[in-house]
Amino acid sequence: MNNNERLYKISEISDIAKVNKTKVWRYIRDNNISERSMKGNAKLYSEHTKDVIIKAFSSESVHLATETKADTSRILLEQIDILKGELERKNDQLDKMQSLLDQQQQLNLSTNRQNEKLLDTTTNNTPLQEDSPLQNDHTDVSEPTEGNYKGEETKTPKKGLFGWLRR
């Protein structure tokens with residue numbers, strides 16, 4: 001599709017042909033004419049398609065059936081060419097995406113290898129005092145020492161809402 005090619009809505013074609021929009025729509029439906037592109041919900045048709053539709057509604061057309069069949073086949077061939085071009089572009093996009101995925105996998109692999117090397121070099125070094133676990137760290141368990149253990153336990157009375165019942 002040329003960028004400068006003018007595209008027409010059904011309403012524009014009906015205004016040019018001086019017929020009702022419904023007649024134009026029915027003609028397009030009955031002859032299996034596909035739109036060139038879409039703009040929102042509006043279907044846009046090429047200039048050649050517009051000329052074929054106008055010719056179909058003109059009173060001067062004597063051989064309407066044969067002309068429209070030839071024109072319809074020409075339109076279909078145009079659409080096939082357009083679709084082939086789109087298919088080629090999509091294939092190119094898929095090839096590019098595949099190469100990008102391959103690059104990403106290679107980058108991930110090299111990053112993983114570098115990380116493993118870094119881990120190996122840090123574990124092969126002599127451990128620092130901060131890296132080794134503390135031998136005498138008993139923060140989870142409280143052990144009695146000479147100053148705080150007298151050999152007898154003292155129970156503290158439980159306090160709470162019903163503490164006065166336990167006395």
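**Salt bridges, a helix face and a surface patch**

Let's start in helix H3, residues 47-57: Glu47 and Lys50 sit three residues apart there, so about one helical turn separates them. An α-helix has 3.6 residues a turn, so residues three or four places apart point the same way. The side chains of Glu47 and Lys50 meet in a salt bridge, 4.0 Å from N to O. Keep in mind that this is a predicted model.

Are these two partners buried or exposed? Glu47 is partly exposed, at 33% relative accessible area. Lys50 counts as buried, because its value is 9% and buried means under 20%.

How many salt bridges are there? The count is seven. Another one joins Arg6 to Glu12, with the closest N and O atoms 3.9 Å apart. Arg6 is partly exposed at 41%. So is Glu12, at 27%.

Next, Glu78 and Arg36. Their side chains form a salt bridge at 3.2 Å, N to O. This pair links distant parts of the chain, 42 residues apart. Glu78 is in helix H4, and Arg36 is in the loop between H2 and strand E1. Glu78 is partly exposed, at 25%.

Now helix H2, residues 21-30. Which of its residues are buried? Val24, Tyr27 and Ile28. Seen down the H2 axis, they fall within an arc of 95 degrees, so they line one face of the helix. After H2 comes Asn32, with a positive phi near 50 degrees.

Last, the surface. Leu161, Phe162 and Leu165 form a nonpolar patch, with about 360 Å² of accessible area together. Leu161 lies in the segment after helix H4. Leu161 is exposed, at 66%.

Terms used: Residues numbered from 1 in each chain as written. Predicted model: local features only at pLDDT ≥ 70, side-chain atom pairs only at ≥ 80, totals over all residues. Heavy atoms only, no water. Patch = residues over 30% accessible without salt bridge, like charges linked within 9 Å, V, L, I, M, F, W, Y side chains within 5 Å. Areas by Shrake-Rupley, 256 points an atom, 1.4 Å probe, with all protein chains shown as cover. Helix = DSSP H or I, 4+ residues; strand = E, 2+ residues; numbered from the N terminus. Buried < 20%, exposed > 50% of the residue type's maximum accessible area, 1.4 Å probe, protein only. Arc of directions from axis to C-beta.
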